[in-house]
Amino acid sequence: MVLPALREWMEKTFGASLNHKTTSRASLNVSDAPPAIVNEGFIQDVKAIGISFSQDVEDRVFRAHGHCLHEMFALREGMFKRIPDVVVWPSCHDDVVRIVDLACKHNVCIIPFGGGTSVSSALECPEDEKRTIVSLDTSQMNRILWIDEKNLTAHVEAGITGQDLEKQLAESGYCTGHEPDSMEFSTLGGWVATRASGMKKNIYGNIEDLVVHLKVVTPQGIVEKSCQGPRMSTGPDIYHFIMGSEGTLGVVTEVTIKIRPVPEYQKYGSVVFPNFERGVACLREVARQRCAPASIRLMDNAQFQFGHALKPQVASIFTSFLDGLKKFYITKFKGFDPNQLCVATLLFEGDREKVLQHEKQVYDIAAKFGGEVTKAVAEGQHFTRRNRNAPVCQGLHRSQQYLWKPKPFIKKASICNSVFVSKCFNTVQRSR
Ligand SMILES: Cc1cc2nc3c(=O)[nH]c(=O)nc-3n(C[C@H](O)[C@H](O)[C@H](O)COP(=O)(O)OP(=O)(O)OC[C@H]3O[C@@H](n4cnc5c(N)ncnc54)[C@H](O)[C@@H]3O)c2cc1C
């Protein structure tokens, strides 16, 4: 794909010279990887109980990192100083119990690994760890064990990815509505371990609002409540210290999560504001009136410009003409300064009639703050998985694509729920 505006944007914004090339490797050089610290006793016991494992360098490097920028650069230009020594693939809760028992017996560390989308460096191995480090990959624990349609809950193994969870639940007409931007790869157990937030949290809540019950394997035993009810009045909620613990306290193996019927109707939209201050003021008003749609995100001018820079080369003169028209409408006709304007993207969902009413309410608020509604996506159309993994770029691109649509303006806004806070936990570790 050709992105004709990206180079100029990078040079102008960062003063970067794209002629300066840094070294990168096309593939992993196995000899660069630090040698494994092997605990033979652990390996022999894992073999004996028939659990899949690997000491292959590629498998170990793959699980040595998440998606932090410094981790990407370490992969591109060098190597991690410490990586897991062995990878194990339990296929169920009982396998995890056995592995944790063996870890205790042989004094090795475990780092649970879900989808590997961590942005908190929590998957990185401590450089000075002398014990064997085991990456416990949950990917084979990926089944929905039951659905309770009366209580609207589902009991699911922790290694299922968000994408598979929603797909499989949809076959029964349900969803969790939990959609972090990483949902294509991130897992249910990873969401619990990182106290994750989804883009539709305004309706469905964050992971802590959705979890009903957890099963967690720790070196001291299994942590779980004896009740699967959605709420208990007695005692502290033990699950709250598991959520956000980043794998330091145990391995989450099974989760009971709230579900809802798949929404009948979805509608996407976007609103352009003359400047960021107006956008924020509008979002505050939406929050004050407590009418935020399922998702609402405000992007500042820098993000808007970046989205523009990611626009692919247009295929036809007609498209190019339309782009010019849109730009003319918003900048010349409406008088928005391209170096000031900002964009909010929205998603409404639920019953069709209520969605339309809700949309009008939000767009009326936006209009009071100078917002211009733009038709982001055809009615009822859903995000594709690909969109989710590039949420900002795609959202902005779409906003601009439809910027010109001069509808009777109503429009929107609300809380920027797209920011998730990096977690401060350092990694793993457990031992005797
Ligand atoms: C493109 C992108 C978009 C993102 N969008 C969002 C977003 O919208 N909202 C958000 O909150 N975060 C987001 N993140 C961050 C990340 O996706 C979340 O933190 C996610 O919850 C991690 O899940 P995972 O399965 O990938 O876990 P991993 O990255 O594999 O692990 C993360 C941590 O959880 C631990 N862990 C994993 N599985 C288990 C388990 N079963 N039991 C115990 N501990 C476990 C690991 O040891 C590690 O400490 C995004 C990341 C990327 C790269």
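Which residues come nearest to the ligand? Of the 31 residues around the ligand, those that come nearest are P112, T117, S182, T187 and S197, where a residue counts as near a molecule if one of its heavy atoms lies within 4 Å of it. The model shown is predicted, so local features are described where pLDDT is at least 70, side-chain atom pairs count only at pLDDT 80 or more, and totals for chains, interfaces and linings use all residues. Residues are numbered from 1 along each chain as its sequence is written, and side-chain values use heavy atoms, with hydrogens and water left out.

View 1. A polar contact is a pair of N or O atoms within 3.5 Å. A polar side-chain atom of T117 lies 2.6 Å from an oxygen atom of the ligand, and a polar backbone atom of G115 is 2.8 Å from an oxygen atom of the ligand. At S197, a polar backbone atom is 2.7 Å from a nitrogen atom of the ligand. On its own the ligand has 970 Å² of accessible area, of which the protein covers 94%; such areas come from the Shrake-Rupley method with a 1.4 Å probe.

**View 2. The shell around the ligand.** The elements that give two or more residues to this shell are β3 (109–113), α7 (188–193) and β10 (251–258), and α7 gives the largest share, four residues. Helices (H or I, at least four residues) and strands (E, at least two) are DSSP runs, numbered from the N terminus. Sorted by class, the shell has 17 polar, 12 nonpolar and two charged residues, with Gly counted among the polar ones.

View 3. Side chains of opposite charge can pair when their charged atoms come close. Here the side chains of R7 and E11 meet in a salt bridge at 3.3 Å, N to O, a term that requires a side-chain nitrogen of Lys or Arg within 4 Å of a carboxyl oxygen of Asp or Glu. Both R7 and E11 lie in helix α1 (residues 6–14), four residues apart, which is about one turn of the helix. The structure holds 15 salt bridges.

**View 4. Two residues with positive phi.** Most residues other than glycine have a negative phi. S121, which is not a glycine, has a positive phi of about 65 degrees, and its place is in the loop between β3 and β4 (133–137). R195, also not a glycine, has a positive phi of about 45 degrees and lies in the loop between α7 and α8 (201–204).

Definitions and conventions:
A polar contact is a pair of N or O atoms within 3.5 Å; within protein, one must be able to donate a hydrogen and the other to accept it, and residues adjacent in sequence count only if both atoms are side-chain atoms.
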